[in-house]
Amino acid sequence: MTEIRYMTINMGPQHPATHGVLRLVLELDGEVVVKATPHIGYLHRGTEKLAENKTYHQVIPLTDRLDYTNAMGNNLAYVLAVEKLLDIEIPKRAQYLRVMMTELQRIAAHLIWLGTHALDIGAMTLLFYTFREREEVLRIIEEVTGGRITPTYLRIGGVAKDLPEGIEEKIKAFVQAFPDHIKEYETLLTKNIIWMERTKGVGIISKEDAINWGVTGPTLRGSGAKWDVRKAFPYSSYDEFDFDIPVGSNGDVYDRYVVRLREMEWSNSIVRQALERLPKGPIIADDPRVALPRKDDVLHDIAALIDQFKIAFQGFYPPKGEVYVSVEGAKGELGFYIISDGSNRPFRMRIRPPSFLNVSALPKIIEGSLIADVISVIGSIDIVLGEIDR
Amino acid sequence: METNLTIKRLNEKFPASVLEVKTFREEVTITMPKETILEICRFLYSDPDLQYHFLTDLCGVDFFPKNLRFEVVYLLYSMKNNQRVRLKIKVREGESVSSVESIWKAANWLEREVFDLFGITFENHPDLRRILLWDGYEGHPLRKDYPVKGPDFDKPFIPEV
């Protein structure tokens, strides 16, 4: 009897294909992964603890920094939770603006994923294409919000400011051109034999397993579960938009790739619908307790300035209770569970991070596969460590 | 409607275990004794009418300085009924809770996180280690008596080599 000894190698935390600071300890039998142990926490900033010591408005910038590719979605989940706690009505225009910006951000997030995922597997060209379009989205976001990566655009009760003049044409031009860009990406990858060899039949997770492991988002839909928070619990007027949920069938890396591509098309369509049907009206709830005054007024009107200070620093006092609200982020179900004890700070703010649960299923997916496939699987479940470690 | 069904089923099956049912903003929270949590979760998972196959979230809450200091909160989701239900158990300091990892694999990391940040231990958990903080870290940061800046914020951190 010869003793079997596995080789242990350490992948990460500084590794270009782990998309951040994920560390994997892999035990290898030749080329085959026998056991994988992820180590996380390198980016832990204690967001939940910090939030307990800030007023409700002051938490919004913290949420930007969770999944930094999808800041608008994080903002949305948080403000929806606080609004549910307060039980206030949001004007239709603000809801549509939120949907439009979140979907633009989703496109940007998926474009990063597509470029880096393809780069990991060896298709470098695509990165230049996707970052070209992502730049267009970020320019739009910058023009609307003032920030590129961390916009902090949403406010409790509405949004920070209305669309600037002339932005509609730019968004329209982007929306019109984007389907052709997706076709460009597809000519590079979808029928590419190397791409198919590297992704088809790789990293399979069944629907039942995905549900049991708490996997959500495109990773779950790639396994064939037709489930999306936007359809299951429509928020922010998503029920007024016409869109479908793309699903895969095999649950492999290729299916997740196809699902995300189709999702970008639907996001694009939602942006178009929101822009076409954008209602007129106020952009923030008419509730002086919570709604921050307009920035212009703050600069010119002493009463508005006082309001601004009072609302941001003293905040408001929501009723006692607890709420959970989730949105469909770029990575999956992003939820905020807020407990209020009646004071002006959240008593407990729990973030339900989609990437955290998706990456917890990683050992299940990659054990038994080749070490080269680990890279494509990590790329395909699309993790962001800022959200996993919080 | 279906949440009522959940409550009804639980009342039939475990009449002594449903301590409190609260509804706030249409969200139902059921409090139960901590000894029965595993049994109730298994029932909610396997009952053909309920089918809570998805563990959305599991987290801890600290109510320092109360005697029953901690709460562990389970958020269950049934894809069949499109329904959520929240379960709560109260835990004293130093007490441990049965792990639900045998029902939902998702609980594996979530329970590790509760252990890491609150110091609540889970029985029969296959791999109860710290997850966000490093091994050898002292204290549990999400406890209310843990200072925000950290206990040693004025001392530089020098790891032993």
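V21(B) sits opposite I30(B), a residue of β2(B). β2 of chain B covers residues 27–32 and runs antiparallel to β1(B), with 5 bridges joining the two; two strands count as paired if DSSP finds at least two bridges between them.

All of this comes from a predicted model, in which local features need pLDDT of at least 70 and side-chain atom pairs count only at pLDDT 80 or more, while totals for chains, interfaces and linings use all residues. Residues are numbered from 1 along each chain as its sequence is written, and chains are lettered from A, with ligands numbered from 1, in the order in which they are written.

Stepping back, chain B has an open sheet of 5 strands with mixed pairing, in the order β1-β2-β5-β4-β3. Across β3 and β4 (70–78) of chain B lies helix α3 (residues 107–118), at about 5 degrees to β3(B) (axes are lines fitted to C-alpha atoms, for helices over the stretch in contact, and angles run from 0 to 180 degrees between N-to-C directions).

As for the partner chain, 25 residues of chain B are in contact with 30 residues of chain A, contact meaning C-beta atoms, placed from the backbone, within 7 Å. On the chain B side, β3 and α3 are the elements that give two or more residues, and β3(B) supplies the largest share, 6 residues.

Conventions
Helices (H or I, at least four residues) and strands (E, at least two) are DSSP runs, numbered from the N terminus. Two residues are in contact if their C-beta atoms, placed from the backbone, lie within 7 Å.
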